[in-house]
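Me: I am new to this structure and would like to go through it by question and answer. Please show it to me before we start.

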Amino acid sequence: MLKQANRLTKRKEFGYIYKHGKYSYNNVLTMIYVPTKLKSCRIGFSINKKTGKANVRNKLKRQLRDIVRKNMGSINPSYNYVFVTKPEIVNLSYNQIKDAVVDVISKAKLFV
RNA sequence: UUAGAUAUUUAUGUGGUCGCAUGAAUAUCAUGAGGAAAGUCCGAGCACCACAGAGCAAGGGUACCAGAUAACGUCUGGCUAGGGUGACCUAAGGUAAAGUGCAACAGAAAUAAACCGCUUUAGUUUACUAGAGUAAGGGUGAAAGUGUGAGGUAAGAGCUCACAAACUUGUUAGGUAACUAACAUUUGCUGUAAACACUACUCGGUGCAAGAUAAGAAAAACAUUUAAAAGUUGCUCGCUUCGUUUUUCGAUACAUCGCUUGAACACGCUAGCAAUACCGUGUCUAGAUAGAUGACCACUUAAUACAGAACUCGGCUUAUUUAAUAUCUAACUAA
RNA sequence: GCGGGGGUGGCUCAGCGGUAGAGCGUCGCCUUGCCAAGGCGAAUGUCGCGGGUUCAAAUCCCGUCCUCCGCU
């Protein structure tokens, strides 16, 4: 779980990012990002219902959060992010998901 | 030994590092998903609508008996019917003699019947025609109205009789009852109500996105107190609200409360065949709101499956891993 | 969280106790110099799945899976 300050919570904010964001993706993940005026970046996760049942989706979300939290220091803090998964992610292990996340972020050139 | 039946338990554990939620005595400590949390199929609590109300109409649900329960369409024990060699399992299991509907195809006929056949009369004639009687035999069908034997007859027929099966009513015995057994008696009745229906009992609606706290301002249209409008699921009453409707602006209400002590859980005793109940002792055991349990390492286990609380309980249904226990049945073998 | 609808040939839909049907598409033949249109004929279905009621179930009842929609 991320700290309160780094969570993206409100529905309007998600809507804003979907409308105005830039996209970066691979075959498993899509990352949408938008510049922010706040000092710390905020991150949200969105997992489609087709991905699996409730316990599968919860576990994915937790693993994604953990990955993002561990890499917090290397992510550009002047953006807001939303990570959207695709159904194929179900079969991947923790380490494979980690690689995918790093791949998506580096494609957008947002590493500090 | 093999193949089964029933009931029950189990849902890995410990430590370390990083991280999250809640609470507290706040450099820290404690606690933190399930047996189904699921499906939402029933029953309740709780909240609002009048205190949940009256009548009519319409509609839904349930349906052997007794008991249990806050309640139930649930559970327990029994009855009956069906299945299984058996342990045992399954059942929406009232009324078809109140009425209506349906029963394709086949068949003479489907709820009342004469196609073939059998008998007889008349006519012609030696095989046909017409009439009458006849449900024993034939073939059709899921289903043809009881079966066997004897008497009886022109031929036949419950037409009569005996035995057997079913059914109606009654008496006696057993059982709280459903029902069972015996005896007497009546009848000859198709099936279907998981078709409409009838009978008995029963059901008000909306669901925590309920509901409470809170702040209002402006404009337009309509109406003007014996009212009108809105709510109360159709109508009539009764009741409640107090101008009604629309638009714009404002308020981080995407807030706080509801929210977890409860028909609670654990253990024990007594009553009961059991479901369950009384009593005693002890415990406090998730409460989030983009929504808390994850990652890595070590050892360990039979435990790898199905799967994630969202107001709360009681059931039902469905999904599912591993290991184990007890009782019982059948067959075979040995003593 | 609460509630409602739908699963029938390749596609769009009828049928709602007794036989599985229509249109479009597909295939073959005819027509044409060739194609289209037209004509004739044919194939294609565990009626989502599993049980039950019934003589008989796509249809009635129960359970289950998938899918769409509404409240928000």
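Me: Is Arg 57 buried, partly exposed or exposed?

Reply: Buried means under 20% relative accessible area, exposed over 50% and partly exposed in between, with a 1.4 Å probe and protein chains only. The relative accessible area of Arg 57 is 22%, so this residue is partly exposed.

Me: What kind of model is this, and how are residues and chains labelled?

Reply: This is a predicted model, in which local features need pLDDT of at least 70 and side-chain atom pairs count only at pLDDT 80 or more, while totals for chains, interfaces and linings use all residues. Side-chain values use heavy atoms, without hydrogens and water, residues are numbered from 1 along each chain as its sequence is written, and chains are lettered from A and ligands numbered from 1 in the order in which they are written.

Me: Which helix holds Arg 57, and which residues does Arg 57 touch beyond four places in sequence?

Reply: Helices are DSSP runs of H or I with at least four residues, strands are runs of E with at least two, and both are numbered from the N terminus. Arg 57 lies in helix α2. Contact means heavy atoms within 4.5 Å. Leaving out residues up to four places away, Arg 57 touches Ile 47, Asn 48, Lys 49, Thr 51 and Gly 52.

Me: Is Thr 30 buried or exposed?

Reply: Thr 30 is found in strand β2. Its contacts beyond four places in sequence include Tyr 23, Val 82 and Phe 83. The relative accessibility of Thr 30 is 14%, so Thr 30 counts as buried.

Me: How are α2 and α3 oriented to each other?

Reply: The axes of α2 (residues 54-70) and α3 (residues 94-107) come within 10 Å and cross at roughly 55 degrees. Axes are lines fitted to C-alpha atoms, for helices over the stretch in contact, with angles from 0 to 180 degrees between N-to-C directions. Angles under 35 degrees count as roughly parallel, over 145 as roughly antiparallel, 65 to 115 as roughly perpendicular and the rest as oblique. The two helices, α2 and α3, are therefore oblique.
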